[in-house]
Amino acid sequence: MENEDKTLCPHCGAKMKLWKPPLESSWGINSQYVCFNDECSYYVKGWVRMKDKYNQKASYRHRLNPETNESGPLPVWSAMAHRDRIVEEREETE
Ligand SMILES: [Zn+2]
């Protein structure tokens, strides 16, 4: 077996994107891995769950802190939420 790739979402298998948390957030200053796949089961089910449970139009995406390996939900209020903070991956050519 090959080593498990931590940057792949455990819910949908998509490659997660590096995401920079806002300064006022509780996630610290280090970039996090977040699944921005709109077809991700975790994210899709989140909309239903939040509507059923809290009657709110919200969901969450899978998030992983690469420093601590701690993962959890990143709350979102729309499909576009948080996308402006995605860190473009740099080419590793240097
Ligand atoms: Zn996913």
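This briefing walks through the fold of one protein chain, from its overall layout to a few single residues. The model is predicted, so local features need pLDDT of at least 70 and side-chain atom pairs count only at pLDDT 80 or more, while totals for chains, interfaces and linings use all residues. Residues are numbered from 1 along each chain as its sequence is written. The chain has one helix and four strands, and from the N terminus on they come in the order β-β-α-β-β. Here helices (H or I, at least four residues) and strands (E, at least two) are DSSP runs, numbered from the N terminus.

**Overall picture**

- Along its principal axes, the C-alpha trace spans about 50 × 35 × 20 Å.
- Of the 94 residues in the chain, 20% are buried; a residue is buried if 20 or more other C-beta atoms lie within 10 Å of its own, exposed if 12 or fewer, and partly exposed in between, with C-beta atoms placed from the backbone.
- Among contacts between residues at least 6 apart in sequence, 46% join residues at least 24 apart; two residues are in contact if their C-beta atoms, placed from the backbone, lie within 7 Å.

**The sheet**

- Four strands form an open sheet in the order β1-β2-β3-β4, with antiparallel pairing; two strands pair if DSSP finds at least two bridges between them.
- β1 (17-19) and β4 (70-76) stand at the edges with a single partner strand each, so one side of each has no neighbour in the sheet.
- Neighbouring strands of this sheet are turned by 40 degrees against each other on average, direction ignored; the axes are lines fitted to C-alpha atoms, for helices over the stretch in contact, and angles run from 0 to 180 degrees between N-to-C directions.
- β1 runs antiparallel to strand β2 (residues 32-34), and three bridges join them; Trp 19 stands opposite Gln 32 in β2.
- Strand β3 (residues 59-65) pairs with β4 over seven bridges, again in the antiparallel sense, and His 62 has Pro 73 in β4 as its bridge partner.
- The hairpin of β3 and β4 has four residues between the strands, and in this hairpin Asn 69 takes a positive phi near 65 degrees.

**The helix**

- Helix α1 (residues 41-54) has 14 residues and should span 20 Å at 1.5 Å a residue; its end C-alpha atoms are 19 Å apart, which agrees. The expected span is 1.5 Å times one less than the number of residues.
- Asn 55 follows α1 and has a positive phi, near 50 degrees.
- Lys 51 is found in α1 and counts as partly exposed because it has 13 C-beta neighbours inside 10 Å.
- Leaving aside neighbours within four places in sequence, Lys 51 is in contact with Gln 56 and Lys 57.
- The C-alpha atoms of Lys 51 and Thr 68 are separated by 31 Å, although these residues are 17 apart along the chain.

**The nonpolar core**

- In soluble globular proteins, nonpolar side chains tend to be buried together.
- The largest nonpolar core here has 11 residues in all, including Cys 9, Met 16, Trp 19, Phe 36, Tyr 43 and Val 76. Such a core is a set of buried Ala, Val, Leu, Ile, Met, Phe, Trp, Tyr and Cys residues joined through C-beta atoms within 7 Å.
- Not counting residues up to four places away in sequence, Met 16 touches Thr 7, Leu 8, Cys 9, Tyr 33, Val 34, Cys 35 and Leu 64.

**After the last strand**

- Asp 84 is found in the segment after β4 and counts as exposed, because it has 8 C-beta neighbours inside 10 Å.
- Asp 84 and Lys 20 are 64 residues apart along the chain, yet their C-alpha atoms are separated by 9.3 Å.
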